[in-house]
Amino acid sequence: MRATTKRIITAAITGAVHVPSQTPYLPVTPDQIADEAVRACLAGAAVAHVHVREPDTGRPTCSTELFREVASKIKARCDIVLCLTTGGGLGMTLEERIAVVPALRPELASFNMGSMNFALYPVASKIKEFRFDWEKPLLEGTEDVVFANTFKALKHFCRTMNQHGTKPEVEVYDAGMINNAAHLIDLGILRKPVHLQFVMGILGGIPAGVENLVFLLETARRQIGDFTWSVCAAGQHQMPMGTAALVLGGHVRVGLEDSTYLSRGTLARSNAEQVEKIVRIARELGLEPATAQEARHILGLKGLDKVNF
Ligand code: KMH
Ligand code: ZN
């Protein structure tokens, strides 16, 4: 069989990792987040991974009202697949994080496959001036934070997604999380075919690197069998690891959630700029960005007519 040349490009629009003081281009208000997602779609993204922030301060939140506002604004303007976060942000409870799934019944939602240190504190000392008083304590506090996703929580999140027809996008930050996913598959809770997002280069997770990506892929093939997969990598690793994913037959995520830069020393002015760059790279490799409809087919999603926003 001929391998498909279509690759799903996800744009992770704003996240909960970066703070507004790192870049003036980080979208914060519902209109900014929606505009960025629509522009990313026009540039070739088939999926927008969405977090929301308090409009006045840029602080990450998981308000279902804000999610609804953003999601409906995007849906009114384009057919991009929305992958809503259930990772949320630091300090959010499990119930707060999962609430968006029953409320909006999205096609796709992130599903963080285990607990880990999730450390952002080295960034704090690099920021000269903070615009908001929540930013420094939040970054520094990650020296003593565990991003908790116990098996009990994983089962609850996955069952909730199953109940609402939301496909889990399995976020894998390290090899042990593949083991966790295989366990949930064995229990019949996580349904195949699974979609894995390998998240590389987080302090607390696996370092970014081609050898490590190959190791994750081989481990997943042994443990899970067939699956679809994508790569996102933090900071300077974003484009090189995205390119490696394309070469190895995977899909790719870019976006300001993972890197505020377009290239060394140059801030990305929008998510669309990063999408355009990875589209250029893909085309040089003889690959084409999948449309949102093609992404729905590849991932086996329920369709935009079945969401609740
Ligand atoms: N922030 C990324 C490192 C989520 O939103 O659930 C991973 C992520 C997880 O996107
Ligand atoms: Zn995210």
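**Stop 1: helix H10**

Select helix H10, residues 238-248. Helices here are DSSP runs of H or I with at least four residues, strands are E runs of at least two, and both are numbered from the N terminus. Which residues of helix H10 are buried? They are Gln238, Met239, Met241, Gly242, Ala244, Ala245 and Leu246. Buried means under 20% relative accessible area, exposed means over 50%, and partly exposed lies in between, with a 1.4 Å probe and protein chains only. Now step past the end of the helix. Gly249 follows H10 and has a positive phi, near 100°.

Before moving on, note the ground rules. This is a predicted model, where local features need pLDDT of at least 70 and side-chain atom pairs count only at pLDDT 80 or more, while totals for chains, interfaces and linings use all residues. Residues are numbered from 1 along each chain as its sequence is written, chains are lettered from A and ligands numbered from 1 in the order written, and side-chain values use heavy atoms, leaving out hydrogens and water.

**Stop 2: a nonpolar patch**

Select Val210, Val214 and Leu248. Together they make a nonpolar surface patch of about 200 Å². A patch takes residues with over 30% relative accessible area and no salt bridge; like charges are joined within 9 Å, and nonpolar side chains (Val, Leu, Ile, Met, Phe, Trp, Tyr) within 5 Å. Areas come from the Shrake-Rupley method with a 1.4 Å probe, and for residues only the protein chains shown count as cover. Center on Val214, which sits in helix H9, residues 210-224. Val214 counts as partly exposed because its relative accessibility is 30%.

**Stop 3: helices H1 and H2**

Show helix H1 (residues 30-43) and helix H2 (residues 64-75). Two packed helices are described by the angle between their axes and the distance between the axes. Here the angle is about 35° and the axes are 9 Å apart. Axes are lines fitted to C-alpha atoms, for helices over the stretch in contact, and angles run from 0 to 180 degrees between N-to-C directions. H1 passes H2 in a right-handed crossing. The contact uses Pro30, Asp31, Ile33, Ala34, Ala37 and Val38 from H1, and Leu66, Glu69, Val70, Lys73 and Ile74 from H2. Contact means heavy atoms within 4.5 Å. As for handedness, a crossing is right-handed if the near helix is turned clockwise from the far one by less than a right angle, and left-handed if anticlockwise.

**Stop 4: salt bridges**

How many salt bridges does a search of the whole structure find? The count is 11. A salt bridge is a side-chain nitrogen of Lys or Arg within 4 Å of a carboxyl oxygen of Asp or Glu.

Stay at the helix pair and pick Lys73 and Asp31. Their side chains meet in a salt bridge at 3.0 Å, N to O. This pair links distant parts of the chain: Lys73 is in helix H2, Asp31 is in helix H1, and they are 42 residues apart. Lys73 is partly exposed at 28% relative accessibility. Asp31 is also partly exposed, at 43%.

Next, pick Arg39 and Glu36. Their side chains form a salt bridge at 3.6 Å, N to O. Why are they about one helical turn apart? Because they are three residues apart in helix H1. Arg39 is partly exposed at 43%, whereas Glu36 is buried at 8%.

Then jump to Asp305 and Lys306, whose side chains pair at 3.4 Å, N to O. Asp305 is exposed at 62%. Lys306 is partly exposed at 45%. Bridges that share partners also join Asp31, Glu69 and Lys73 into one network.

**Stop 5: backbone details**

Select Lys192 and Pro193. A cis peptide bond joins them, with omega about 0°. Pro193 lies in the loop between helix H8 (176-186) and strand S11 (194-200).

Go to Arg105. Its phi is near 45°, a positive value in a residue other than glycine. Arg105 is in the loop between helix H4 (100-104) and strand S7 (108-112). At 31% relative accessibility, Arg105 is partly exposed.

**Stop 6: two distances to draw**

Find Gly265 in the loop between strand S14 (261-263) and strand S15 (266-267). Is Gly265 buried or exposed? Exposed, with a relative accessible area of 68%. Draw a line from Gly265 to Thr86: 31 Å, C-alpha to C-alpha, across 179 residues of sequence.

Last, select Pro122 in helix H5, residues 121-124. Pro122 is partly exposed at 34%.
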